[in-house]
Protein chains: 2
Amino acid sequence: MADIATQKKLATLMRYHILSSTTKAGSGHPTSSLSGVELMVALLFGRSGTGEPFFRYRLQDPSFPNNDRLIFSKGHASPLFYATWAAAGGLDWKEMQTYRQFDSPLEGHPTRRFRYTEAATGSLGQGLSIGVGMAINGKYLDALPYRTFVLLGDSEMAEGSQWEAIQLAAHYGLHNLVGIIDVNRLGQRGETMYGWDIDAYVDRVESFGWQAVPVEDGQDVEQVAAAYETILAIRDRPLMIVAHTTKGAGVSDVANKNGWHGKPLPWDEFEKAVAEMGGVPDPFTLELAEPEALHPPKREDGEAKPLHYEKGEEVATRSGYGNALQRLAPAMPNLVALDAEVSNSTRAEYIKKVAEDRFFEMYIAEQNMVGAALGLQLRGRTPCVSTFAAFMERAYDQVRMSRYSDAKLLFAGSHAGVSIGQDGPSQMALEDIAYFRTILDSAVLYPSDAVSAERLVEEALKYEGISYLRTTRAKTPVLYANDEQFPLGGSKVLRQSNDDKTTIVAAGITLHEALAAADVLAERGVSVRVIDLYSVKPIDAGTLTIAARETGSIITVEDHSASGGIGEAVMAAIAADPCPVHVLAVHKKPRSGKPAELMAFEGIDKEAIIEVVMRIAG
Amino acid sequence: MADIATQKKLATLMRYHILSSTTKAGSGHPTSSLSGVELMVALLFGRSGTGEPFFRYRLQDPSFPNNDRLIFSKGHASPLFYATWAAAGGLDWKEMQTYRQFDSPLEGHPTRRFRYTEAATGSLGQGLSIGVGMAINGKYLDALPYRTFVLLGDSEMAEGSQWEAIQLAAHYGLHNLVGIIDVNRLGQRGETMYGWDIDAYVDRVESFGWQAVPVEDGQDVEQVAAAYETILAIRDRPLMIVAHTTKGAGVSDVANKNGWHGKPLPWDEFEKAVAEMGGVPDPFTLELAEPEALHPPKREDGEAKPLHYEKGEEVATRSGYGNALQRLAPAMPNLVALDAEVSNSTRAEYIKKVAEDRFFEMYIAEQNMVGAALGLQLRGRTPCVSTFAAFMERAYDQVRMSRYSDAKLLFAGSHAGVSIGQDGPSQMALEDIAYFRTILDSAVLYPSDAVSAERLVEEALKYEGISYLRTTRAKTPVLYANDEQFPLGGSKVLRQSNDDKTTIVAAGITLHEALAAADVLAERGVSVRVIDLYSVKPIDAGTLTIAARETGSIITVEDHSASGGIGEAVMAAIAADPCPVHVLAVHKKPRSGKPAELMAFEGIDKEAIIEVVMRIAG
């Protein structure tokens, strides 16, 4: 237990390293770090009046399940983050000098390359959602007493995602979640909306069902510790510490001054600051309190039941997704499903039939849903995240960021494309294949029947990365046998002859149009190859290259924008040895109408395919 | 002025048409419409105690600047929306029978194909932001007394974007903005987070600085009118009406029952409902009150000043964007700039030097920023919307939806790609070209120097659609003469000979790498063609096709994910007559480091280009 004098000495030491690491790097956010120093010192090394620690952590075992969790939602305060862990002995103080260098794990904003980073941050307004996921895991799944702490900037409280997280945390009564708002008044280019109006934050947060504790002077470790005492008593709701702090605290020349965001001190200012703190402080570290040696329940995967579809049976692929959750949940005790208030449409609700406690209603707040899913995954769960594919776009920045936490997440977007029909363009995702393809090392999967939908869920859940499953609203006939396998990066050649005039590549609903076209064409004596590109990424370049060579041309058909979709994925796959590719895709602004009308309007139906084939073959 | 009895008769008439149109269509959201009937009747046709109307509108002139505005954020209540306008005589009651048919403007969710739709909605949580933009325009730009009304669903209050809009509306004191929450308790798959807890909404909204008025019975036109009276007195803040309503109100069999979301009544239930309302009601309409004949100030475009760069001068393209705003604002009185608290980085702040009143700080709340920009544009302004390209992703769903409002908006994303360096992956947009390309009829522009940046802003502002300008953090030398023109769909061939071994296509920062590579290669006696693809969409297929034919191969270089970017755009442009394309793009997870280190790591720098060229030419 560190006394107040030691805590103050530590704060000075941390300030020194915040300043020296950023000045040496020539970039970074020292002033945003300085305001939060005491918030971290009191959290990690302060104690309650009765000597209880606020934060418990096995330094040698960051993955220990009952560790408390610390997330810097204000990721630009990374110098403070690294200094905090250096203070606990998690890295050598000297290592801070590698800040922002190419080979250093101490990146400009925390990523998982640093061993104490719970989740990569830096796109503001995401940390609290991740904390929500970790707290849900602690309270509802692992049943462990660890707490999740999230350091928040005042500027980032403007992000709507924060309020999504705040409302959901209250809804689920996450007493194990603690937010800490570092109200240093100044944003990047000037004052925040509320400046130092601490009550504005307290009132808003309390109106959403949290307890909020203001701290008059967030640079005073004793005052901060007094606020943290609330943690020990709270039982029914999340807690927000709202601390009045000073940006650049401890350095007179920059403290509370505009124009110093994201700027290191020049060397002369740095020297002056060191003099102000009484010279270069001696390095030391303090010990963290140990968490209770508790473990979560053991969860071992069992064997999943087989499939039971009949060929030709009409089943929507979204139902295939729901059926897969229902079938796999008993065999996969880590599987959890999250949905944004449309689980009856996405069919995610099917999991409730077998594991009601592993379904989490996230309401119409997609950003927080994705952040929370990441938090759950980082605590060992296997989240399946669903909503309409169009509305998943709401959380694309969270999807992007999850990649930098090395996330393993399954996103399932239903109601893709114009084929949803009457509901109109607002509900039609035409951008999702393109976006998910851009995510590094992602898998983009697009089943055309219930069997492939179920198998692709299995494959996605085995995949060590981000996978996206695109499902269709309409029912489509089962094409495949129940034991058919669908490895990532594969495809299925469904029609083939030695005399194919061209190759049609399709997936999802358009595959059925392609097959219907092939049948008509066969009657006319025109053979075409038909490929089910169920794995849009990774893509089966081998099969496509052979098809290109053997048939001389490819027609792609997709219920998606022409940009970044199946057509371009195919072109990229055969780029070294290309053939002409004709892209049938959504080119015109869609509207409400019958699915078949929309497919015809966009030229992605059977008739459109036949027309192009006849042009090529004729 | 309609008496209460007439208003009630009208409510019944609207109910009848809500039910008959949806039952005929076989889809739609009648129950979500029924709960809001009285909220609309009292708004459009009710009066204050002193006889003042709440809503004023020239029915024959939807574009009249001083019309009040009515936005259905809960776009799925479109049957109510159409019935409301039918009640005012804006469409024939019979026309409602065309609901959701392919040729009807009465789409499943409102789009601009219906003449009284202010903005397309249907992706929830977007209408209030659009209203914020319209209200900002009324209060700060047009100085007109019109009010903007937004009907909100209770489920959609879970969207963070709502709270972004709520906080910003309070910040700008938008007394001319009125939200109406239709608290019918039931979402799509069950109860909302707060059910009928009206106070939960009132408290939250008031804590954010609005006035909030609860309505005990939102099915009572007199109570609702009494709440609307508040509008007439409010002067300093926005107003939220929070009405307790009943989903399916007026139809006993479905009222307040779960399981009836998004479902039309079957014909037998419909007949029963008609009997309950006393048979088929006689059609009639009521007149809307006329707005004051006020007009906004006249604004005519003048001539913009010329450019003054020197070739070789180092200027970041983001500064080119800022300079363009500063140069064009005096000549374009409709131009406004919005930024998400990073205007010193995006350089949007430059506009403040010449037109401080046309810069709107939107704080770190990108979704609301984009929605508000749409609202401003729909009221005649020309918004330029900027933030880091990475954080623009936060608002991609709003970008997507703006397309269905036929928006004309310029989005400027700065700090694109790994070349930003030290700040690390959270700040690097690698997905933006792909996403913006998917938006139908969008323009995707990527300048490589200050001249092209400025010219492309000019082109974008002339473009009748959505345009995206991708700018770079680093300074780059000016390549072009000040009078050079950059038409959309064009490109610049910067190196060319009769003996080109291949073609390098690049844009933005990689163009400079390509030029440097070409110079080195020229010294080695290897000629290459170099094309500046400043217009990624529309794309200069002609020039690319010629290059493909003449040089036999193309190398693309981009600081972006390989998927959906420049490489695939080029492949798509030459798909009918392809040549091998080698894509140099971001393939590995980036990190913090020096810009040059990152460019080398990803293989998108001069050396990587030379290596590929030598492989082809060797």
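**Buried residues and helix packing in the predicted model**

In chain B, excluding residues up to four places away in sequence, Ser467(B) touches Leu409(B), Leu410(B), Phe411(B), Ala443(B) and Ala460(B), where contact means heavy atoms within 4.5 Å. The model is predicted, with local features requiring pLDDT of at least 70 and side-chain atom pairs counted only at pLDDT 80 or more, while totals for chains, interfaces and linings use all residues. Residues are numbered from 1 along each chain as its sequence is written, chains are lettered from A and ligands numbered from 1 in the order in which they are written, and side-chain values use heavy atoms, with hydrogens and water left out.

Ser467(B) lies in strand β12 (residues 466–470) of chain B; helices (H or I, at least four residues) and strands (E, at least two) are DSSP runs numbered from the N terminus. Ser467(B) counts as buried because its relative accessibility is 0%; buried means under 20% relative accessible area, exposed over 50%, and partly exposed in between (1.4 Å probe, protein chains only). Strand β9 (residues 382–388) of chain B contains Phe388(B), which is likewise classed as buried, at 6% relative accessibility. Beyond four places in sequence, the contacts of Phe388(B) are Val342(B), Ser345(B), Thr346(B), Gly413(B), Ser414(B), His415(B) and Gln427(B). The C-alpha atoms of Phe388(B) and Ala429(B) are 7.9 Å apart, for a sequence separation of 41 residues.

In chain A, Ala348(A) occupies the loop between α11 (343–346) and α12 (352–355). Its relative accessible area is 0%, so Ala348(A) is buried. Apart from neighbours within four places in sequence, Ala348(A) contacts Tyr321(A), Leu325(A), Asp339(A), Ser343(A), Phe359(A) and Ser386(A). Val385(A) is 37 residues from Ala348(A) in sequence, with a C-alpha to C-alpha distance of 8.6 Å.

Helix α1 (residues 4–25), with 22 residues, reaches 31 Å from first to last C-alpha, close to the expected 32 Å. Helix α17 (residues 450–462) has 13 residues and reaches 19 Å, close to the expected 18 Å. Twelve of the 13 residues of α17(A) are buried, leaving the helix mostly covered; among them are Glu454(A), Arg455(A), Glu458(A) and Glu459(A).

Helix α5 (residues 127–141) and helix α6 (residues 160–171) of chain A pack at an angle of about 20°, with axes 8 Å apart. Axes are lines fitted to C-alpha atoms, for helices over the stretch in contact, and angles run from 0 to 180 degrees between N-to-C directions. The two helices α5(A) and α6(A) are therefore roughly parallel; angles under 35 degrees count as roughly parallel, over 145 as roughly antiparallel, 65 to 115 as roughly perpendicular and the rest as oblique. Leu128(A), Ser129(A), Val132(A) and Ile136(A) of α5(A) meet Ser161(A), Gln162(A), Ala165(A), Ile166(A), Leu168(A) and Ala169(A) of α6(A). By class, this contact between α5(A) and α6(A) has seven nonpolar, three polar and no charged residues; Ala, Val, Leu, Ile, Met, Phe, Trp, Tyr, Cys and Pro count as nonpolar, Asp, Glu, Lys and Arg as charged, and the others, Gly among them, as polar.

Between the chains, helix α20 (residues 566–573) of chain A packs against helix α20 (residues 566–573) of chain B at about 95°, with axes 9 Å apart. The helices α20(A) and α20(B) are therefore roughly perpendicular. Glu568(A), Ala569(A), Met571(A) and Ala572(A) meet Glu568(B), Ala569(B), Met571(B) and Ala572(B). The contact of α20(A) with α20(B) has six nonpolar, no polar and two charged residues.

How values were computed
Expected span 1.5 Å × (residues − 1).
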